[in-house]
Amino acid sequence: MRRALVLAGDAAAAGEVPVGAVVVVDGAVVGEGFNQPIAAHDPTAHAEIVALRAAALALGNFRLTGATLYVTVEPCLMCVGALVHARIGVVVYGAAEPKAGAIESMTAAHEFAGLNHRLTAVGGVLAEESRALLQQFFRERRA
């Protein structure tokens, strides 16, 4: 999660909402990313998606069965869908996202009955640090 926080800082430095994500398999980082929809002109370029793409390329497989994804902010509905399709085993996130979070805040999308894969979600890990990055970013943008 600490590496995800560093990546979130990279996103902020690039003018993107500060979210970072890391995919880990058997204790090794296999993919990482930070938010970049503005720079990439890509609405799907959330930190989680960027990290999943990098991990899939590194492993040569779009199925990331058993992997753990660490992300600084609760994933949105799009990202939860991608985590399910990638067969992520565990998602660990920092700050809750009250408006768009799809694990606990807005909905529990990973628990929808029709899904063919279940993942475990653990929230609140380094939540204060994650929240502080977001708050600082938006405070500076408003100023």
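Tutor: Cysteine 79 counts as buried because its relative accessibility is 0%; buried means under 20% relative accessible area, exposed over 50% and partly exposed in between, with a 1.4 Å probe and protein chains only. This is a predicted model, where local features need pLDDT of at least 70, side-chain atom pairs count only at pLDDT 80 or more, and totals for chains, interfaces and linings use all residues. Residues are numbered from 1 along each chain as its sequence is written, and side-chain values use heavy atoms, with hydrogens and water left out.

Student: How many disulfides does the structure hold?

Tutor: The count is 0 disulfides, a disulfide being a pair of cysteine sulfur atoms within 2.5 Å. Cysteine 76 is in none, and its nearest cysteine sulfur, that of cysteine 79, is 3.7 Å away.

Student: And is cysteine 76 buried or exposed?

Tutor: Cysteine 76 counts as buried, because its relative accessibility is 16%.

Student: Which residues of helix 4 are buried?

Tutor: In helix 4 (residues 77-86) they are Cys79, Val80, Ala82, Leu83, Val84 and Ala86. Helices here are DSSP runs of H or I with at least four residues, strands are runs of E with at least two, and both are numbered from the N terminus.

Student: What do the buried residues of helix 4 pack against?

Tutor: They pack against helix 3 (47-59), strand 3 (68-73) and strand 4, where contact means heavy atoms within 4.5 Å.

Student: What happens just after helix 4?

Tutor: Arginine 87 takes a positive phi of about 65° there, although it is not a glycine. Arginine 87 sits in the loop between helix 4 and strand 4, and counts as buried because its relative accessibility is 16%.

Student: What about histidine 41, buried or exposed?

Tutor: Histidine 41 counts as exposed, because its relative accessibility is 73%. Histidine 41 has a positive phi of about 50° although it is not a glycine, and its place is in the loop between helix 2 (37-40) and helix 3.

Student: Okay, other histidine. Where does histidine 117 lie?

Tutor: In the loop between strand 4 (90-95) and strand 5 (120-122). Histidine 117 counts as buried because its relative accessibility is 15%.

Student: What is histidine 117 in contact with?

Tutor: Leaving aside neighbours within four places in sequence, histidine 117 is in contact with Leu83, Val84, Arg87 and Ile88. A polar atom of the histidine 117 side chain lies 2.7 Å from the backbone oxygen of isoleucine 88.

Student: Switching to the start of the chain. Which helix does arginine 2 lie in?

Tutor: Helix 1 (residues 2-13). Arginine 2 counts as exposed because its relative accessibility is 55%. Not counting residues up to four places away in sequence, arginine 2 touches Leu126 and Glu129.

Student: How do helix 1 and helix 5 pack?

Tutor: Helix 1 and helix 5 (residues 127-142) pack at an angle of about 5°, with their axes 10 Å apart. The axes are lines fitted to C-alpha atoms, for helices over the stretch in contact, and angles run from 0 to 180 degrees between N-to-C directions. The two helices are therefore roughly parallel, as angles under 35 degrees count that way, over 145 as roughly antiparallel, 65 to 115 as roughly perpendicular and the rest as oblique.

Student: Which residues meet there?

Tutor: Arg2, Leu5, Ala8, Gly9 and Ala12 in helix 1 meet Glu129, Ser130, Leu133 and Phe137 in helix 5.

Conventions:
A polar contact is a pair of N or O atoms within 3.5 Å; within protein, one must be able to donate a hydrogen and the other to accept it, and residues adjacent in sequence count only if both atoms are side-chain atoms.
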